[in-house]
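Hi,

Here is the structure I promised to pass on. Have a look, and my notes follow below.

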Amino acid sequence: METVNKKELIVSKIKNGTVIDHIPAGRALAVLRILKIAEGYRIALVMNVESKKMGKKDIVKIENKEVDEKEANLITLIAPTATINIIRDYEVVEKKKLKIPDVVKGLLKCTNLMCITNNDVEAMPEFKKISEKPLKMKCVYCDTVIDENEILKQILGSKS
Ligand code: CTP
Ligand code: ZN
């Protein structure tokens with residue numbers, strides 16, 4: 001068992017897998033949703049803990065799964081501050097500080113129903129980042145801009 005800080009939240013270290021730290025408070029479940037975690041993984045969720053940098057944060061620990069690049073990119077859309085730690089034999093072997101991708105292909109839908117991406121199955125949606133704070137992405141086909149709320153809505157389903 002590991003003592004995280006003086007206010008005493010005890011969380012086990014994991015042997016192998018991924019620790020996603022510095023998730024904005026309340027978005028841990030959305031991160032799990034993005035990762036489409038199959039049944040059977042052992043997962044630890046830590047929500048609303050104090051963070052010096054962020055006020056409050058969430059942490060997700062997934063045993064025996066190393067998050068890949070595509071998944072990491074998706075995570076940044078809802079948790080741009082997240083850090084992804086790859087754990088092997090209890091050691092942090094890789095620490096990825098992630099950046100919102102400049103281009104996102106195939107992950108988000110254009111909100112313009114007339115857009116070719118909503119009418120031609122062969123046209124894969126593609127967005128370019130035009131702003132990070134606030135997050136805004138622009139469809140490369142029709143220039144429709146989607147904001148952070150829309151992105152969250154798409155990733156979270158009906159919840160915001
Ligand atoms: N961690 C874990 N299991 C391990 C090793 C680390 O769950 N076997 C967790 C730590 O508790 C921490 C995160 O992975 O939440 C990153 O670990 P580490 O780099 O050791 O912590 P910090 O130095 O605090 O990382 P940072 O300041 O970069 O967030
Ligand atoms: Zn479009």
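At roughly what angle do the axes of helix α1 and helix α2 cross? The axes of α1 (residues 28–35) and α2 (residues 69–78) cross at roughly 150° and come within 10 Å. That makes α1 roughly antiparallel to α2, a label used for angles over 145 degrees. The axes here are lines fitted to C-alpha atoms over the stretch in contact, with angles running from 0 to 180 degrees between N-to-C directions. Helices are DSSP runs (H or I, at least four residues), numbered from the N terminus.

Before you read on: this is a predicted model, where local features need pLDDT of at least 70 and side-chain atom pairs count only at pLDDT 80 or more, while totals for chains, interfaces and linings use all residues. Residues are numbered from 1 along each chain as its sequence is written, and chains are lettered from A and ligands numbered from 1 in the order in which they are written.

On the α1 side, A30, V31, I34 and L35 make the contact; α2 brings E71, L74, I75 and I78. Contact means C-beta atoms, placed from the backbone, within 7 Å. By class, that gives seven nonpolar, no polar and one charged residues (Ala, Val, Leu, Ile, Met, Phe, Trp, Tyr, Cys and Pro are nonpolar; Asp, Glu, Lys and Arg charged; the others, Gly among them, polar).

Now the domains. An automatic or database assignment gives domain 1 (2–97) and domain 2 (103–156). Their centres, taken over C-alpha atoms, are 26 Å apart. Six residues from domain 1 and five from domain 2 form the contact, with α1 and α2 each supplying at least two residues on the domain 1 side.

Cheers

Key. Angles under 35 degrees count as roughly parallel, over 145 as roughly antiparallel, 65 to 115 as roughly perpendicular and the rest as oblique. Two residues are in contact if their C-beta atoms, placed from the backbone, lie within 7 Å.
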